[in-house]
Amino acid sequence: MAIARAEVAKHNTQDDCWVVIHGNAYDLTDFMQEHPGGSGIIMKYAGRDATKAFMPIHPKDMVNSLPKTTHKGPVTPAEPPADEVEEAEPAAAADEVPGIDQMINIFDFERVARNNVTKEAWGYLMSGADDELAMRENHAAYHRVYLKPRVLVDVEHVDMTTTLLGTPSSLPVYVTACALGRLYTPDGECAIARAANAQGVVQMCPTLASCTMDEMAAARAAGQTQWWQLYVNKDKKVTEEVIRKAESLGFKGLFITVDAPQLGRRERDMRNKAKLTAAVQTKQSAKIDKSQGTARAISSFIDPSLNWKDLPWFRSKTSMKIMLKGIQTGEDAVLAYQSGVDGIVVSNHGGRQLDFARSGIEMLVEVMDALRGIGADLDKFTVFCDGGIRRGSDVFKAVALGAKAVGIGRPVLVGAAAYGQEGVERVIDILKDELKMCMQLMGTPTIKDMKPEMVITRNVADHFVPVPRDYLVKQNYMPLELPMKTSKL
């Protein structure tokens with residue numbers, strides 16, 4: 001029997017709290033005490049419809065994990081009344097938003113995107129670990145890698161196509177896993193899947209997605225390839241279920257994140273989280289870390305005991321290609337090669353884990369030297385790299401040094417936040433245009449023509465050298481905002 005919304009509205013206290021999600025009422029009184037995000041956000045919607053707040057950061061089927069006793073039944077009317085729908089901030093007039101054809105480079109999207117999302121969503125996307133030096137260094141390091149072009153080469157026809165883990169790709173770029181896509185565009189990871197297909201690149205789908213695995217797989221076009229990024233659960237049975245489901249749904253690669261025994265301190269995100277949980281009271285306040293931020297709140301299940309001895313277990317559970325995502329040293333690259341996995345992603349997690357970790361491009365130099373030093377078969381062992389890619393020349397530098405392809409994350413979500421699926425497609429188009437130009441000017445008509453001797457990496461490890469002004473870092477840090485005080489005078 002349907003429950004009237006007027007009845008739901010009566011249950012609006014910390015001792016008796018119902019909320020409506022996707023047209024159904026749930027009693028979250030007891031669950032509030034365990035909610036990773038704290039009770040404050042639940043109490044904000046006590047007796048009201050929480051669907052709009054729930055959707056961007058939870059897969060739709062997340063409510064199925066709640067105890068069955070919490071489900072009170074469908075509500076009527078199905079649509080929330082106007083007074084329960086939060087008013088959005090006034091949007092800029094259409095003529096104030098630049099057309100997508102005015103996006104000349106990837107940085108241009110950021111101004112538009114920032115105006116289209118909440119402060120919390122922007123803080124989650126753009127935050128890095130601690131002082132955010134590692135995040136900024138990811139991009140800045142590419143400024144210290146210089147190019148040695150060859151001339152008088154026939155570059156009338158440039159072919160930037162390649163093959164990634166058996167899948168043809170229109171260029172050596174893939175969409176890497178980024179969480180909570182619906183914070184940036186209503187269709188979230190599904191919109192990104194469609195954009196990736198339109199551009200002929202592979203999408204890596206995240207564990208911490210806003211969409212369900214089934215939804216992301218359903219968004220896949222015929223012949224399209226998706227990979228699955230895995231945060232390993234403390235419960236091996238759960239991990240095995242996820243792996244088997246991913247394989248059954250047609251995902252072709254399993255990217256095991258190995259650089260996150262816990263997620264880093266992302267202070268900008270934590271600042272926003274502290275505000276959201278400011279209403280936590282009494283017994284709850286002792287159980288919830290109000291400063292942990294969105295990232296930590298949604299990732300408390302990750303297994304910190306994951307180690308090299310566990311890798312054979314993963315191989316026994318799937319026939320998918322297995323990649324280790326988050327390799328940061330030559331030593332670990334060699335261990336990965338010797339373990340029998342199919343490859344690695346050289347990455348510092350977008351500068352979001354350990355501050356002062358080296359950039360992806362700097363680590364790539366060390367990793368390739370180490371693998372070549374042991375005679376690794378680099379035709380069979382795949383090396384990817386991510387972090388800080390903003391230009392086609394960045395793609396060129398990483399591929400020339402030995403990466404089979406590079407992953408892009410923040411640029412994809414920024415494009416999605418600015419213009420939805422079309423924005424993601426435009427981001428990839430810009431990289432294609434820039435890479436083609438770079439290949440022509442470097443005298444490299446094909447990917448195989450890109451060689452390590454064409455890039456100068458002598459200064460890549462020099463971290464404190466003058467570099468051109470970088471607008472990616474301008475006004476990056478957002479300090480604590482203090483409430484205005486009334487003068488006593």
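**Close-up views of a predicted model**

**Figure 1. Helix H6, a segment largely enclosed by the rest of the structure.** The buried residues of H6 are Ala 134, Met 135, Glu 137, Asn 138, His 139 and Ala 140. Please keep in mind that this is a predicted model.

**Figure 2. The whole protein, for orientation.** Before moving on to the other details, here is the wider setting. The protein has 17 helices and 17 strands. Its chain counts 489 residues, and 53% of them are buried. Taking the contacts with a separation of 6 or more, 76% are between residues 24 or more positions apart.

**Figure 3. Helices H4 and H17, packed roughly antiparallel.** Two packed helices are described by the angle between their axes and the distance between the axes. Here H4 (residues 108-116) meets H17 (residues 410-442) at an angle of about 160°, and the axes are 10 Å apart. An angle over 145 degrees counts as roughly antiparallel, and H4 and H17 are therefore described that way. The crossing of H4 past H17 is left-handed. From H4, the contact uses Phe 109, Glu 110, Val 112, Ala 113 and Asn 116. From H17 come several residues, including Val 414, Tyr 419, Arg 426 and Ile 430. Sorted by kind, the residues of this contact are 9 nonpolar, 3 polar and 2 charged.

**Figure 4. Helices H14 and H15, an oblique pair.** The axes of H14 (residues 330-339) and H15 come within 8 Å and cross at roughly 45°. The two helices are therefore oblique to each other. H14 passes H15 in a right-handed crossing. On the H14 side, look for Gly 330, Glu 331, Ala 333, Val 334 and Tyr 337. Their partners on H15 are Glu 366, Val 367, Ala 370 and Leu 371. This contact holds 6 nonpolar, 1 polar and 2 charged residues.

**Figure 5. The largest nonpolar core, with 103 residues.** Which residues have the most contacts inside this core? They are Trp 228, Phe 314, Ile 344, Ile 361, Leu 364 and Phe 396. Helix H17 supplies the largest share of the core, 16 residues. Setting aside neighbours within four places in sequence, Phe 396 is in contact with Leu 147, Leu 435, Cys 438, Met 439, Met 442, Thr 444, Met 450 and Val 455. Another core, of 13 residues, lies apart from the largest one and has among its members Val 19, Tyr 26, Ala 46 and Phe 54.

**Figure 6. A cis peptide bond from Thr 76 to Pro 77.** Omega for this bond is near -5°. Where is Pro 77 found? Pro 77 sits in the loop between strand E5 (71-76) and H4.

**Figure 7. Leu 165 and His 349, two residues with positive phi.** Leu 165 belongs to the loop between strand E7 (162-164) and strand E8 (167-169). Its phi is near 50°, a positive value in a residue other than glycine. Is Leu 165 buried or exposed? Leu 165 is buried, because its relative accessible area of 17% falls under 20%. His 349 lies in the loop between strand E14 (343-346) and helix H15 (360-373). Phi of His 349 is also positive, near 65°. His 349 is buried too, with a relative accessible area of 11%.

Technical notes
Residues are numbered from 1 along each chain as its sequence is written. This is a predicted model: local features need pLDDT of at least 70, side-chain atom pairs count only at pLDDT 80 or more; totals for chains, interfaces and linings use all residues. Side-chain values use heavy atoms; hydrogens and water are left out. Axes are lines fitted to C-alpha atoms, for helices over the stretch in contact, and angles run from 0 to 180 degrees between N-to-C directions. Helices (H or I, at least four residues) and strands (E, at least two) are DSSP runs, numbered from the N terminus. Angles under 35 degrees count as roughly parallel, over 145 as roughly antiparallel, 65 to 115 as roughly perpendicular and the rest as oblique. A crossing is left-handed if the near helix is turned anticlockwise from the far one by less than a right angle, and right-handed if clockwise. Contact means heavy atoms within 4.5 Å. Ala, Val, Leu, Ile, Met, Phe, Trp, Tyr, Cys and Pro count as nonpolar, Asp, Glu, Lys and Arg as charged, and the others, Gly among them, as polar. Buried means under 20% relative accessible area, exposed over 50%, partly exposed in between (1.4 Å probe, protein chains only). A nonpolar core is a set of buried Ala, Val, Leu, Ile, Met, Phe, Trp, Tyr and Cys residues joined through side-chain atoms within 4.5 Å.
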